[in-house]
Amino acid sequence: MLLVLLADGRLHSGQWLAKELAVSRAAVWKGVERLRGLGVPVLALARRGYRLTSPVEMLDAQRIRAAVNPRRLEQLRGLELLFEVDSTNTRLLGMAPPPAGRADACLGELQHAGRGRRGRRWIAPFGAGVALSVAWTFRDGAGALAALSLAVGVAVARALGRAGAQGVALKWPNDIWFEDRKIGGVLIELRAEAGGPAHVVIGVGVNVALTVEARREIEAGGDVVAAVADACGAAPSRNLLVGAILDELLSMLGEFEREGFAAFREAWTALDALGGRPVRVLLADDAVCGRARGVDRDGALLLETENGVRRFVSGEASLRLIEGEN
Ligand code: BTN
């Protein structure tokens, strides 16, 4: 495939590309146009050839699997790696769910319609991030799943730590932060049958290494962002990172099913980016200021206000740091 040949970021002549792909040079040009249309930055240098603006480590199922503990790999029923996808969450939600105890994973190299929480878009410029979804079936229904997104945050933070990131923290309910900027987010979608099992799709988006253009594109949405490369000092391998995230998610899912959020509350608290800091909780038609005081046993946010401690659940509230106050 053309992109695989260009991924090294070096200059390749149209003639060489055409020969490798056994197509005409006009077909190479068409392929370049198509990639550009999808947002892949391919430079065309007159009479010299084509190259990407910077090298990209393409996702590779074998390398990802090699980074997952073999015991946990047995839990992984499917690992689908798509070059182009609207949303990896939407893709898995449209497929038959895995049986209890097994997981299906889906990754998108280019995700055009990534979805974030609260109906927002999730922007993942080509080669700059990870867009991963994992489908899982909980035998015992949806009852205890309110805190699942917090446990997912713990799993992702652990994986980033394994990839060499330092200073990663969690912002309630499920943002991954580095130095008070968003490095990643989690979107959990649920299909529960009354009295039956609960099928969840866990979507994880992570900024791995952002070029100036990629950062600008994401920040146009309003958030100031960070990337794993900022927290590691250098960009980690995307394949190793995905392997570590899958490994931690699979381990977390089994433990969460057996023990619930109790097994993760202490770890979440240790990673809490806002504990003890002044925050504003935004509700549908109100806002409450106070000091964040961690989470309770169900993963609800505890807020110390002038009128005592109030509790908020994740579906009803979102949280903002009040900057400039201590
Ligand atoms: C957030 O708003 O912070 C959650 C972002 C979740 C993005 C991920 S990327 C993989 C998966 N597919 C989607 O469409 N969304 C999630």
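Predicted model: local features only at pLDDT ≥ 70, side-chain atom pairs only at ≥ 80, totals over all residues.
Visitor: Which helix is Asn89 in?

Guide: Asn89 sits in helix α6, which covers residues 88-93.

Visitor: What does the side chain of Asn89 make a polar contact with?

Guide: One partner is the side chain of Glu189, at 2.8 Å. A polar atom of the Asn89 side chain also lies 3.3 Å from the backbone oxygen of Leu187.

Visitor: And which residues is Asn89 in contact with, leaving aside neighbours within four places in sequence?

Guide: Those residues are Arg115, Ser133, Leu187, Glu189, Val201, Ile202 and Gly203. Leu187 and Glu189 have come up already, through the polar atoms of the Asn89 side chain.

Visitor: New topic, domains. What does the assignment give?

Guide: The protein chain is assigned domain 1 (2-52), domain 2 (61-270) and domain 3 (274-321).

Visitor: How many Å separate the centres of domain 1 and domain 3?

Guide: Taken over C-alpha atoms, the two centres are 51 Å apart.

Visitor: OK, cores. How many residues has the largest nonpolar core?

Guide: That core has 71 residues. Leu148, Leu160, Leu246 and Met252 have the most contacts inside it.

Visitor: Which domains does this core draw at least three residues from?

Guide: At least three come from each of domain 2 (61-270) and domain 3 (274-321).

Visitor: What does Leu148 touch?

Guide: Not counting residues up to four places away in sequence, Leu148 touches Phe138, Ile188, Val200, Ile202, Met252, Leu253 and Phe256. Ile202 is also in contact with Asn89.

Visitor: What does the second core include?

Guide: The second core is separate and has 20 residues, among them Leu6, Ala18, Leu38 and Tyr50.

Visitor: How many bridges join β12 to β13?

Guide: Five bridges join β13 to β12, which spans residues 301-305.

Visitor: And what stands opposite Thr305?

Guide: Gly308 in β13 stands opposite Thr305.

Key: Residues numbered from 1 in each chain as written. Heavy atoms only, no water. Pairing = 2+ DSSP bridges. Helix = DSSP H or I, 4+ residues; strand = E, 2+ residues; numbered from the N terminus. Polar contact = N/O pair within 3.5 Å; in protein donor to acceptor, adjacent residues only side chain to side chain. Contact = heavy atoms within 4.5 Å. Core = buried A, V, L, I, M, F, W, Y, C linked by side-chain atoms within 4.5 Å. Buried < 20%, exposed > 50% of the residue type's maximum accessible area, 1.4 Å probe, protein only. Domains from an automatic or database assignment.
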